[in-house]
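Colleague: Please put the model on screen. I would like to go through it with a few questions.

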Amino acid sequence: MQRSEVRRADEITQEQFILASQSLHLQRPGCDAVYPVGLYGWRKRCLYFFLLLLLVTMIVNLALTVWIIKVMNFSVGGMGKLQLNQDGIRLEGISEFLLPLYVNEIQSRRDSLLVLRSEKNVTLNARNDQGQLTGQLTVGPEAVEAQCQRLEVRSKDGGRLLFTANEDEVIMTTEKFTVTGSEGAVFGHSVETPLIQARASEDLKLESPTRTLTMEAPRGVEVSAAKGLLKVSGRKDLQLESTEGEILLDASTIQMGGLPLGVYTPSPTQASREQSVYEVCVCPSGKIYLSPAESSSTCQAMSNICLWS
């Protein structure tokens, strides 16, 4: 009796546990439609086509990059004939610049020349810290122009000054200045030099066509011709003047041609003879004229020569 009651109670307890466990499960809604996930059909073909096109583009770009690097000769030190180093940029061969070039120094190789070419002109500018133009050198088709405060030309070692020019004066410090032009040299103003000398086989000519020619020196002016003729001529008057000293003519023979002949009335016996000897007469004004030489002086201070002097 007791066993049957215990068995019945166990069955009731098992049924309650099953019912309780079933009541705890959530009810899920049913899915009637099934949606597939992924690309199918023409979409899948388009995706593969774009992936293939992208791969081909990457390969072409990589090939072009390798080709450009090989053609331009790119390297760690530079590009082709353009080399980059600590001192600056080194270019080999001919380089063309379409815009202005700003550099601190341009230098060629030791075994080659530096050539600057341009279809119009080559201009070199120097500026200060504020950007103002301080010097300019322009090489054009018609002229070479230099604009600066002072122009200097030095020797090859840079120590000796050969030529300098500014707004006030031009100075040449060379031992010899040679002019080889057929017309010589023309100076608009005065020239200061210790020596004017012609070449050994050429003549020296100092001329002022329309004005006067003046030679001055504090200690003296020496005009000499060692192995030739010294000629001084003028269209009008030739004046030799010494304010404190004397004028010395020292030569074995002194000739003064073209002197005027003074008026002299000879005696009948003297008139019949041919006159071959004359004496030099000087007027009070310093004018020189000739008079026939006789046993006594024939110079007449009141001669017509002296009256018109």
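The questions below go from the whole chain to a sheet, a pocket and a core.

Colleague: How many helices and strands are there in the protein?

Modeller: This is a predicted model. Its secondary structure consists of four helices and 11 strands.

Colleague: What percentage of the 309 residues counts as buried?

Modeller: A residue is called buried here if its relative accessible area is under 20%. Among contacts with a separation of 6 or more, residues 24 or more positions apart account for 14%. The buried part of the 309 residues is 6%.

Colleague: In what order do the three strands of the open sheet lie?

Modeller: β4 and β5 run antiparallel and are joined by six bridges; in that pair, Asn-125 stands opposite Gln-136 in β5. β5 (residues 133–139) also pairs with β6 (residues 144–147), again in the antiparallel sense, over four bridges. The three strands therefore form an open sheet, given that two strands pair if at least two bridges are found between them. The order is β4-β5-β6.

Colleague: Which are the edge strands, and by how many degrees are neighbouring strands turned against each other on average?

Modeller: An edge strand of this sheet pairs on one side only, and that applies to β4 (122–127) and β6.

Colleague: How many residues lie between β5 and β6 in their hairpin?

Modeller: Val-139 of β5, which spans residues 133–139, stands opposite Val-144 in β6. The hairpin formed by the two strands has, between them, four residues.

Colleague: Which element gives the largest share of the lining of the second largest pocket?

Modeller: The second largest pocket has a volume of about 2400 Å³. It is lined by 42 residues, and the closest to its centre are Phe-97, Leu-101, Ile-106, Leu-114 and Leu-116. Two elements give two or more residues to this lining, β3 (89–91) and β4. The largest share, six residues, comes from β4.

Colleague: Which five residues make up the largest nonpolar core?

Modeller: In soluble globular proteins, nonpolar side chains tend to be buried together. Joining within this core is counted through side-chain atoms within 4.5 Å. The residues of the largest core are Cys-281, Cys-283, Tyr-289, Ile-305 and Cys-306.

How values were computed. Residues are numbered from 1 along each chain as its sequence is written. This is a predicted model: local features need pLDDT of at least 70, side-chain atom pairs count only at pLDDT 80 or more; totals for chains, interfaces and linings use all residues. Side-chain values use heavy atoms; hydrogens and water are left out. Buried means under 20% relative accessible area, exposed over 50%, partly exposed in between (1.4 Å probe, protein chains only). On a 1 Å grid over the protein atoms alone, a cavity is a set of points where a 1.4 Å probe fits but cannot get out, and a pocket is an open set with protein on both sides within 12 Å along at least five of seven lines; lining residues have an atom within 4 Å of a point. Grid points are joined across faces, edges and corners, and a volume is the space filled by probe spheres set on the points. Contact means heavy atoms within 4.5 Å.
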